[in-house]
Amino acid sequence: MERNISLTVNGRQRELEVNDADTLLEVLRDGLKLWSVREACGVGACGSCTVLLDGRPVSACFLLAARLDGRSVETVEGLAGDDALHPIQQAFLENDAAQCGYCTPGFIMAAKALLEEHGDPTDDQIRDYLSGNLCRCGGYPNIMRAVRAAAARTSDR
Amino acid sequence: MADYSIVGRPVDRRDAVQKVTGRVLHVGNMEPAGLLHVAVLRSPHPHARIVRIDKSRAEAAPGVAAVLTGADIAAMPGITPYHGPAFADQPVLAIDRVRHEGEQVVAVAAESRRAAEEALELVEVEYEPLPVVLDVLDAIKPDAPIVHDEIRPSGAFADLAHVKAGERSNICYHYKLRKGDVDKAFAEADRIFEDVFTAPPAQHVPMEAHVSLAYVDEGGRINIHTASQSPSFVRGELARMLGVPMNRIRVRVPYLGGGYGAKLYNKLEPIVALLAMKTGRPVKYSLSREEEFQTVTKHGVVVKLKTAVKGSAMTARKCEVYWDTGAFAEIGPRIVHKSGYTSSGPYKIPNVSIDSYCVYTNKPPAGPFRGFGVPQVIWAYDSQMDIVARGLGADPVEFRLEHALEEGDLFVTGTPIHACGLKEAVRRAADAVGWDQPKAPASGSKRRGKGIACGVKAVLTPSISGAIVILNADGSANVLSSTVEMGQGSESLLAQIAAEELGMPFDRVHVVQPDTDVTPYDTISAGSRSTYHMGNAVRMAAAKVKEELFQAVAGKLEIDAADLESRDGRVFVRGAEERGMTVTEAFLAKFGSLGTTMVGEGLCQPVVTPMDPETGMSEKCTEYWFASASAVEVEVDTETGRLEVLQFHAAGDAGTAINPKYCEQQLVGAATMHLGLTLFEQMVFQDGQLLNGSLLDYQIASIKDVPAACHPIVVEVPHKDGPFGAKGIGETGALTVAAAVANALEDAVGVRVRDIPLTAERIHEALKAARKVNGGT
């Protein structure tokens, strides 16, 4: 059945008609054309569709949109300003942390949640936090470096 | 090293901003107006006859535009319903029979993915199960159920022209090599080592699953946007299947979310093309992760190795390799051939016999997987190298160095080795892991050990890359190439090569994405071949443009073109930089106008001497070799069998590192992927049904599986014909991981495991068995 929900997406409030079976991923991608939110496993196991729900990282493929009335969602599209990348994006860029780049938005959103929780994370904390995001290109060492650099940059500010 | 302006520099990726902002275009983001979505009904049986299909209720379901069966396709006039790169053995949709669980049977195109999926539930298919063959060694027995009664030739590739199917057998290809007198050497041997190694089927898991989109345009041409590593092949194969000229089909490929071999040849393209033709509307088909597991896999193998030793020398080796190619040959015969001839290793062994078999079973088809079969044979031969070295009381590193082939030596096929940094890779990897330092002491139940492995791969030859370079009047340039950017950095690397050759700034060179209407033929973006082949083609094309440009300048300045050089977009007299002009001035000098371009074309087409069918000998079986060595330190818990990799050093010969940063990423990335394949990845089947076909049940390496010390070692032994000496490095880091880890395991705890993955359970069992033999508990 169809129902109306109100969802804040990247700071903008949206009134959306969703089907009970629609996942958050379907609403963000198919409905709002936020193409950074990517399905890769469909079962919440790979992190490619990681978005922030009220600031917490979640797998958008594994949440039903109809249950999210009144909540707030953030995707990579909400990060960069008109003329500057977000410090985490900048750190990923400078540390060559994107190869094929398909998993990158999910990693960046997970890293954002990590750095909001731990301003100066240890390597073990980074590994724990990002272990639910998979990168088949095997770019993990550069992703580690990028997150460390982003932590240094955000804690300087 | 020569003085290059941009080659050898670690420039940033062109696509980095798009990727960190998520704006990058993938086929999945494309939504032309009127788009239909595809869902496909798949076989629940590993082998069955299709008795009856009733699709009438699905056709009448809401939102359904078309329902297609294999019989429908076979009945379309002028359409060839079978395809495949080695044999045309795979129907687009099953015809009469299904040969593996998950084979595509009925396709629906509907207004939404959900409508298409709901319509599938209304399709009725009646099957009559047939006897199933699943094990590769069972499949070669005389009474085994036969997977294909008849095999149609393909003819798609020159290097497979010799591939001919056998009759009434599951062996669809047999590669054979005979060198020296193996029987005599075994009869005279001091010691004989005999081992059987296995590797299971596994999955590529590109994070972007397969996705293809097709539409028929106003002029009736078929347009395909597809996540493919082989746009040129897709165009040619579709033209053949649809019975239309090649220029009636246009294939475009945007950025790929990973490939690793999974996205080669035809996958979803025939289905979307046929449905677009049938409905007259755009059609998109994207696979779920579960469907990925049913689409293409890594070949499982059984490798039997027998090695004769006399004194301290290896005198003979006999290799039997059985490749499980699943229900369709895919590119199996090429893998069986190319990897087959390297399966005795890059070592001095005077007498060798190799038999490499491509075998059908009722499993999902196995195809190319980063390394093209070579990781499987190195897993076997470089595990056995350690067994032999230990058996002889030799140091494993020294034993390899003593036997390793070097410059000018003949490979087992009779082809001379050139530019193969094998020994340097071994030495540097061994140094990095601290090979000569004493082993770390045991701590509680934990034991540490070090392992090394090496090997080589021969690049696919013959193959073809064409490129066009267009110089614009303002000094910017376009490079037309069908190489697919899938994360390896080819776009930036080809721009580096073009900029270097032209003497133009890197940021003024744009590389056009594959579009078969404009970018020339390229065999495949795979097999570590693009840097060399496409790199050479781009360099040649750029050199032709430069020649025209220099002629224009030379005419105006009234000097010899040979006295000119170019740098930073300016052409000038060597030694007198003030005498020269910009590209724009050169265009005005030559054409009197800026409304034109200078165009050059390049073609790289290495050839081979065909192998003797009986002996496998060839004076030239490959264009170049690339060497790999891995050195690892592991810690094994003797109580649980858990193995942790503490240090990983991935060494590989790049020839010349055009971009050192990308070379390092490729080495580490390939090693990380294969660390997962070594330690835990495997597709598990029961009665032909896949038990772990999702990422909940099939684990790949995460950030936690990468050792804190994970280091690339880029060896550079320039190739005489490579672009600036470069070869390829996309697979190199993958080749030697499994054997290095198994060798370290034995070093740590004294047990030898001959089957990957090296799970805790397997190691625990091996430890238990060893304790029993040693009289313990």
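Predicted model: local features only at pLDDT ≥ 70, side-chain atom pairs only at ≥ 80, totals over all residues.
Visitor: OK, on to α14(B) and α15(B). What is the handedness of their crossing?

Guide: Right-handed. The axis of α14(B), residues 490-502, comes within 8 Å of the axis of α15(B), and the two cross at roughly 35°.

Visitor: Which residues of α14(B) and α15(B) meet there?

Guide: On the α14(B) side you'll find S490(B), L493(B), L494(B), I497(B), A498(B), E501(B) and L502(B). They meet a set in α15(B) that includes M534(B), G535(B), V538(B), A542(B) and K546(B). The contact divides into 10 nonpolar, four polar and three charged residues.

Visitor: How many residues are in the largest nonpolar core?

Guide: It has 308 residues, and those with the most contacts inside it are V38(B), V108(B), A498(B) and L745(B). Helix α15(B), residues 530-557, gives the most to this core, with 11 residues. As background, nonpolar side chains tend to be buried together in soluble globular proteins.

Visitor: What is L745(B) in contact with, leaving aside its neighbours within four places in sequence?

Guide: With that exclusion, L745(B) is in contact with G449(B), V634(B), V636(B), L643(B), V751(B), V753(B), L758(B) and I763(B).

Visitor: New topic: the two chains. How many residues of chain A are in contact with chain B?

Guide: There are 37 of them, in contact with 39 residues of chain B. The elements of chain A that give two or more residues to this side are α2 (87-94), α3 (104-117), α4 (123-130) and α5 (140-156). By class, the chain A side divides into 23 nonpolar, 10 polar and four charged residues.

Visitor: Now the backbone. Is the peptide bond from T461(B) to P462(B) cis or trans?

Guide: Cis, with omega near 0°. P462(B) sits in the loop between β20 (446-458) and β21 (465-472) of chain B. A cis peptide bond also joins I756(B) and P757(B), with omega about 0°. P757(B) is in the loop between α18 (737-749) and α19 (760-773) of chain B.

Visitor: And what is phi of V205(B) near?

Guide: Near 50°, a positive value in a residue other than glycine. Most residues other than glycine have a negative phi. V205(B) lies in the loop between β10 (191-199) and β11 (211-216) of chain B.

Visitor: Where is E330(B)?

Guide: In the loop between β17 (313-326) and α10 (332-340) of chain B.

Visitor: Does E330(B) count as buried or exposed, and why?

Guide: Buried, because E330(B) has 27 C-beta neighbours inside 10 Å, and 20 or more is the cut-off. V205(B) counts as buried as well, with 24 such neighbours.

Key:
Residues numbered from 1 in each chain as written. Chains lettered and ligands numbered in written order. Core = buried A, V, L, I, M, F, W, Y, C linked by C-beta atoms within 7 Å. Buried ≥ 20, exposed ≤ 12 C-beta atoms within 10 Å, placed from the backbone. Helix = DSSP H or I, 4+ residues; strand = E, 2+ residues; numbered from the N terminus. Contact = placed C-beta atoms within 7 Å. Axes fitted to C-alpha atoms, helices over the stretch in contact; angles between N-to-C directions. Left-handed = near helix turned anticlockwise from the far one by under 90°. Nonpolar A, V, L, I, M, F, W, Y, C, P; charged D, E, K, R; others polar.
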